[in-house]
Amino acid sequence: MDANVSFTGNLGTDVEMKIGEGWRGARFRVAHTPRVMRQGEWVDGTTTWLSVHVYGRLADNCAVSLHKGDPVMVTGRLRTRNWIDDEGSHEQLIVVASNVGPDLSRVSAVCRRPEKRAEAPLGDDRVPRDQSPTHGDELDDDDEVVDDDVELVGS
């Protein structure tokens with residue numbers, strides 16, 4: 001069973017694209033700061049930061065469409081990434097996004113279809129198989145990619 005989430009926020013970083021053999025991915029961080037009423041005044045609540053990973057065509061579209069500060073809506077699956085380094089063991093909650101778009105309650109947008117690419121089928125949302133403890137939040141060029149619904153050639 002997947003833990004699915006949807007949230008809104010602002011991009012806290014530019015989209016960082018990574019390209020490996022047979023896969024493309026990107027990552028960025030989203031900040032969500034709720035507005036709360038305190039003593040009759042609206043103030044910012046505590047900011048929650050979420051790391052978002054996207055793959056395939058979605059990664060391409062995020063890289064050309066989104067910039068630091070943009071208001072976005074994200075839908076995806078929660079995943080935990082564990083790693084060990086010189087400072088000890090670490091754990092990070094990430095969102096592997098299936099949908100990302102502008103938050104139209106805060107901005108207007110013009111949509112256009114991207115050019116079709118043979119190497120980027122619509123459902124190309126494969127993710128790195130290697131979630132080993134040594135990688136941290138890195139998407140390395142040699143990470144193996146897996147999509148549970150697709151059999152990879154040579155695997």
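Reply: A strand here is a DSSP run of E with at least two residues, numbered from the N terminus. Gln 92 lies in strand 8. The model is a predicted one.

Me: Why is Gln 92 called buried?

Reply: Buried means under 20% relative accessible area. Gln 92 has 15%, so Gln 92 is buried.

Me: What makes the link between Gln 92 and Ser 51 a polar contact?

Reply: The cut-off for such a pair of N or O atoms is within 3.5 Å. The side chains of Gln 92 and Ser 51 are joined at 2.8 Å, so the pair counts as a polar contact.

Me: Where is Ala 59 placed, and why is Ala 59 called buried or exposed?

Reply: Ala 59 is in helix 1, which covers residues 56-65. Its relative accessible area is 0%, and the limit for buried is under 20%, so Ala 59 is buried.

Me: Which residues is Ala 59 in contact with, leaving aside neighbours within four places in sequence?

Reply: They are Met 17, Arg 24, Gly 25, Ala 26 and Val 54. Contact means heavy atoms within 4.5 Å. As for Val 15, 44 residues from Ala 59 along the chain, the C-alpha atoms of the two are separated by 8.7 Å.

Me: Which residues of helix 1 are buried, and what do the buried residues pack against?

Reply: Gly 56, Arg 57, Leu 58, Ala 59, Asp 60 and Cys 62 are buried in helix 1. The buried residues of this helix pack against strand 2 (16-20), strand 3 (23-32), strand 6 (48-55) and strand 8 (88-102).

Me: Are Cys 62 and Cys 111 buried or exposed, and how do you know?

Reply: Cys 62 has a relative accessible area of 3%, under the 20% limit, so Cys 62 is buried. Cys 111 has 76% relative accessibility, over the 50% limit, so Cys 111 is exposed.

Me: How many disulfides does the structure hold?

Reply: The structure holds zero disulfides.

Me: What makes strand 1 and strand 7 a pair?

Reply: Pairing needs at least two bridges. Strand 1 (residues 4-11) and strand 7 (residues 71-85) have seven bridges in the antiparallel sense, so the two strands pair. In strand 7, Pro 71 is the bridge partner of Asn 10.

Me: How do you know that strand 1 pairs with strand 3?

Reply: Two bridges join these antiparallel strands, and at least two are needed, so strand 1 and strand 3 pair. Asn 10 stands opposite Ala 31 in strand 3.

Key:
Residues numbered from 1 in each chain as written. Predicted model: local features only at pLDDT ≥ 70, side-chain atom pairs only at ≥ 80, totals over all residues. Heavy atoms only, no water. Helix = DSSP H or I, 4+ residues; strand = E, 2+ residues; numbered from the N terminus. Buried < 20%, exposed > 50% of the residue type's maximum accessible area, 1.4 Å probe, protein only. Disulfide = S-S within 2.5 Å. Polar contact = N/O pair within 3.5 Å; in protein donor to acceptor, adjacent residues only side chain to side chain.
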